[in-house]
Amino acid sequence: MAKKSKIAADLRRREVVARYAERRAELKEMLRDPETRAEALQGLQKLPRDASPTRLRNRDVVDGRPRAYNRKFGLSRVRLREMAHRGELPGVSKASW
């Protein structure tokens, strides 16, 4: 289980990214025009650091584990294996050949 503070920080970052997404897209569009490029760069630098989507981290929805994340299920490898063995994931079964 991840620390509660790390999970909370990730949720806060997601809110900040959503809040500044539109403004960020406008500034990125302005970067293409050579006349407004300097202004756009300055505007992007003034945005909060956490407004960048690259600062988000995929985390396990159950316990917040940041590593070994499986996008299809939104779970880490550890939680995915546990839930699959208990039969809690529909359509997932243990492989045998």
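Predicted model: local features only at pLDDT ≥ 70, side-chain atom pairs only at ≥ 80, totals over all residues.
Colleague: Which residues does alanine 40 touch, not counting residues up to four places away in sequence?

Modeller: Alanine 40 is one of the seven residues of the largest nonpolar core. Contact here requires heavy atoms within 4.5 Å. With residues up to four places away in sequence not counted, alanine 40 touches Leu27, Met30 and Leu31.

Colleague: What separation is found between the C-alpha atoms of glutamate 29 and alanine 40?

Modeller: Glutamate 29 lies in helix H1 and is partly exposed, at 46% relative accessibility. Along the chain, glutamate 29 and alanine 40 are eleven residues apart. Their C-alpha atoms are separated by 8.5 Å.

Colleague: Which elements do the buried residues of H3 pack against?

Modeller: The buried residues in H3 are Arg79, Leu80 and Met83. They lie on the same side of H3, because they cover an arc of only 100° around the axis. On the other side of H3, Arg77 and Arg81 are exposed. The packing partners of the buried residues are S1 and strand S2 (75-76).

Colleague: What is the phi of glycine 87?

Modeller: Glycine 87 follows H3. Its phi is positive, near 80°.

Colleague: Is alanine 68 buried or partly exposed, and what is its relative accessible area?

Modeller: Alanine 68 is placed in the loop between helix H2 (37-46) and strand S1 (69-70). Its phi is near 55°, a positive value in a residue other than glycine. The cut-offs place a residue as buried under 20% and as exposed over 50%. Alanine 68 falls in between and is therefore partly exposed, with a relative accessible area of 35%.

Colleague: Which element of the protein chain has the highest mean pLDDT?

Modeller: The protein chain averages a pLDDT of 93, and 100% of the residues score at least 70. Among its elements, helix H3 (residues 77-85) has the lowest mean pLDDT, 93. The highest mean pLDDT, 96, belongs to S1.

Note on methods
Residues numbered from 1 in each chain as written. Heavy atoms only, no water. Helix = DSSP H or I, 4+ residues; strand = E, 2+ residues; numbered from the N terminus. Buried < 20%, exposed > 50% of the residue type's maximum accessible area, 1.4 Å probe, protein only. pLDDT = per-residue confidence, 0-100. Core = buried A, V, L, I, M, F, W, Y, C linked by side-chain atoms within 4.5 Å. Arc of directions from axis to C-beta.
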